Amino acid sequence: MKGTSLTEEPLLSICLGGSRKHYSAGEELIVEYQIDAIDVTDIQAVEASVLWLTEGKGEEDLGVHFFERRLPADAEEGDLRPLRRFKIMLPNSPLSYEGAIMRIRWCVRLRLFARRGKEYVLEHGFTLGSVPPAPVPPPEQATDED
């Protein structure tokens, strides 16, 4: 696709095998991603990763389970846009968790680095394991003195 300018955003897509959102620890995860609507010469690098991160109170943490950085020299004819597929085995921990003050979430992250310094990111979340969410305490009831 020649003549594409970066005034329009490139299209990034991620598809998880079986179009599922829930996976078990130790299970195989198949990821496919593709890039479109950008000229092949405008792509400097593409990174794909599978990672977990924490959100909520306290310091946020992040762990990378899989990482792949591809440059045009790594691809056939220097084109990083065609469909790319990889498989990984998911770890036993940390499992996804929805707590009252902290959350652990998993995702596949695709980052495209354009030659003009712009960066585009797409994340596709999924659940690892089946930890039930933490119960939410009932709101305190108002008293007559309130």
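**Close-up views of a predicted model**

**View 1. Surroundings of S96.** Setting aside neighbours within four places in sequence, S96 is in contact with I104, W106, F126, T127, L128 and V131. The coordinates come from a predicted model. S96 is located in the loop between β6 and β7, the latter covering 97-98. Is S96 buried or exposed? Its relative accessible area is 9%, so S96 counts as buried, the limit being under 20%.

**View 2. The W106 and F126 ring pair.** The ring centres are 6.0 Å apart and the planes meet at 40°, so the pair is classed as tilted; stacked would require planes under 30 degrees apart, and edge-to-face over 60. W106 belongs to strand β8 (residues 102-114) and F126 to strand β9 (residues 119-128), so the pair ties together parts that are 20 residues apart in sequence. Both W106 and F126 are buried. Together with Y23, W106 and F126 form one aromatic cluster.

**View 3. The F66 and F86 ring pair.** The count of aromatic pairs in the model comes to four. In one of them, the rings of F66 and F86 have centres 4.3 Å apart and planes at 20°, so this pair is stacked. F66 sits in strand β5 (residues 62-70) and F86 in strand β6, so the pair ties together parts that are 20 residues apart in sequence. Both F66 and F86 are buried.

**View 4. R69 and the ring of F113.** What lies over the face of F113? The residue is R69, at 5.3 Å from the ring centre. The cut-off for a charge over a ring is 6 Å from the ring centre, with a further limit of 35 degrees from the ring normal.

**View 5. The open sheet containing β6.** Three strands make up an open sheet in the order β1-β3-β6, and their pairing is antiparallel. Which strands form the edges? They are β1 (11-16) and β6 (84-89), each of which pairs on one side only. From one strand to the next, the twist averages 20°. β1 and β3 (residues 28-36) are joined in the antiparallel sense over six bridges. Within this part of the sheet, L16 stands opposite V31 in β3.

Definitions and conventions: Residues numbered from 1 in each chain as written. Predicted model: local features only at pLDDT ≥ 70, side-chain atom pairs only at ≥ 80, totals over all residues. Heavy atoms only, no water. Pairing = 2+ DSSP bridges. Helix = DSSP H or I, 4+ residues; strand = E, 2+ residues; numbered from the N terminus. Axes fitted to C-alpha atoms, helices over the stretch in contact; angles between N-to-C directions. Buried < 20%, exposed > 50% of the residue type's maximum accessible area, 1.4 Å probe, protein only. Contact = heavy atoms within 4.5 Å. Phe/Tyr/Trp six-rings, centres within 6.5 Å; stacked < 30°, edge-to-face > 60°.
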